[in-house]
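Student: Can we walk through this one together? I'd like to start with charged side chains.

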Amino acid sequence: MARLGIMGGTFDPIHYGHLMTAEEARDQYRLDKVLFVPSGHPPHKPESSVTESKHRYLMTVLATLTNPAFEVSRVDIDREGITYTIDTVTDLKALFPHDQLFFITGADAILEIITWKDAHRLLGLCDFIAATRPGYSIEALETKLGALYTSYRDCFHFVEVPALAISSTDIRQRVRAGRPIRYLVPETVDHYIRKNRLYQED
Ligand code: NAP
């Protein structure tokens, strides 16, 4: 049984914090592969505030190109409607029925996913790896997860990633302000953003 990481995110844009998260998760949890899955329409964000999916997908492909353990999936961006993680995981379980799935994303996003609905069904399909910045209170997260955490303790894992000090929001603001994003994103992503004039307006 292969161990497959599913790296869920809006990736608007993808940055080194995301790449470090995937690599740390791969190493710590002995994942055979990490599949990056850019969201279609995230449920908690107005559609107009998210960059067109074709750009987010292509930036993710460019950023992951040099790591043989990383791949990119279009399942979320090709599915109509709002992107719910239960659909992402169900689709991928159908594609990889024999793999053990680990859904990797930011700790706060995991709280939203798990407390939304279908928690028991989700936890029956995959484990979760919550990425945290140093200083993040894992105890507080466990308390918020409450009885779910107590019942499914073995399905929750954590990875602390100092590079998560980088954030997509900050990168978008920097581009808008004409400030550099070099060393925050791979060079190819920096070029892609400039060439397509992304993040110029609010
Ligand atoms: P978000 O709310 O924009 O992000 C919350 C925090 O997590 C931010 O600090 C973000 O940093 C960080 N983050 C996001 N993806 C990450 C990743 N893969 N690795 C490390 N840190 C990450 O979250 P989002 O990107 O829209 O959604 C994350 C995933 O959760 C997506 O797959 C989305 O579809 C899913 N989701 C599902 C539901 C649901 O099913 N009800 C609800 C919410 C989210 P950056 O801003 O720098 O990325």
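Student: Is Asp91 buried or exposed, or something in between?
Tutor: Asp91 counts as partly exposed, at 30% relative accessibility. Buried means under 20% relative accessible area, exposed means over 50%, and partly exposed is in between (1.4 Å probe, protein chains only). Keep in mind that this is a predicted model: local features need pLDDT of at least 70, side-chain atom pairs count only at pLDDT 80 or more, and totals for chains, interfaces and linings use all residues. Residues are numbered from 1 along each chain as its sequence is written, and side-chain values use heavy atoms, with hydrogens and water left out.

Student: Which side chain does Asp91 meet in a salt bridge?
Tutor: Arg79, at 3.0 Å from N to O. Asp91 is in helix 4 and Arg79 is in the loop between helix 3 (75-78) and helix 4, so the pair ties together parts 12 residues apart in sequence. A salt bridge here is a side-chain nitrogen of Lys or Arg within 4 Å of a carboxyl oxygen of Asp or Glu. Helices (H or I, at least four residues) and strands (E, at least two) are DSSP runs, numbered from the N terminus.

Student: What else does Arg79 form a salt bridge with?
Tutor: Asp76, with the closest N and O atoms 2.9 Å apart. Arg79 counts as buried at 19% relative accessibility. Asp76 is buried too, at 3%.

Student: How many salt bridges does the structure hold?
Tutor: Eight. Another one of them joins Arg26 and Glu23, at 3.0 Å from N to O. These two are three residues apart in helix 1, so about one helical turn separates them. Arg26 is partly exposed at 24%, and Glu23 is partly exposed at 28%.

Student: New topic. Which residues of helix 1 are buried?
Tutor: Gly17, His18, Leu19, Thr21, Ala22 and Ala25.

Student: What span should helix 1 have?
Tutor: Helix 1 (residues 16-28) has 13 residues, so at 1.5 Å a residue it should span 18 Å. The expected span is 1.5 Å times one less than the number of residues. The end C-alpha atoms are 18 Å apart, which agrees.

Student: Over how many bridges do strand 4 and strand 5 pair?
Tutor: Six, in the parallel sense. Phe103 has Phe128 in strand 5 as its bridge partner.

Student: What about Phe102, buried or exposed?
Tutor: Phe102 is buried, with a relative accessible area of 1%. Phe102 is found in strand 4. Not counting residues up to four places away in sequence, Phe102 touches several residues, including Leu4, Ile6, Leu31 and Ile129. Contact means heavy atoms within 4.5 Å.

Student: Last one. Where does Asp99 lie?
Tutor: In the loop between helix 4 (85-95) and strand 4 (100-106). Asp99 is buried yet has no salt bridge. The nearest side chain of opposite charge is Lys33, 6.1 Å away. For charge, Lys and Arg count as positive and Asp and Glu as negative, while His and the chain ends are not counted.

Note on methods
Pairing = 2+ DSSP bridges.
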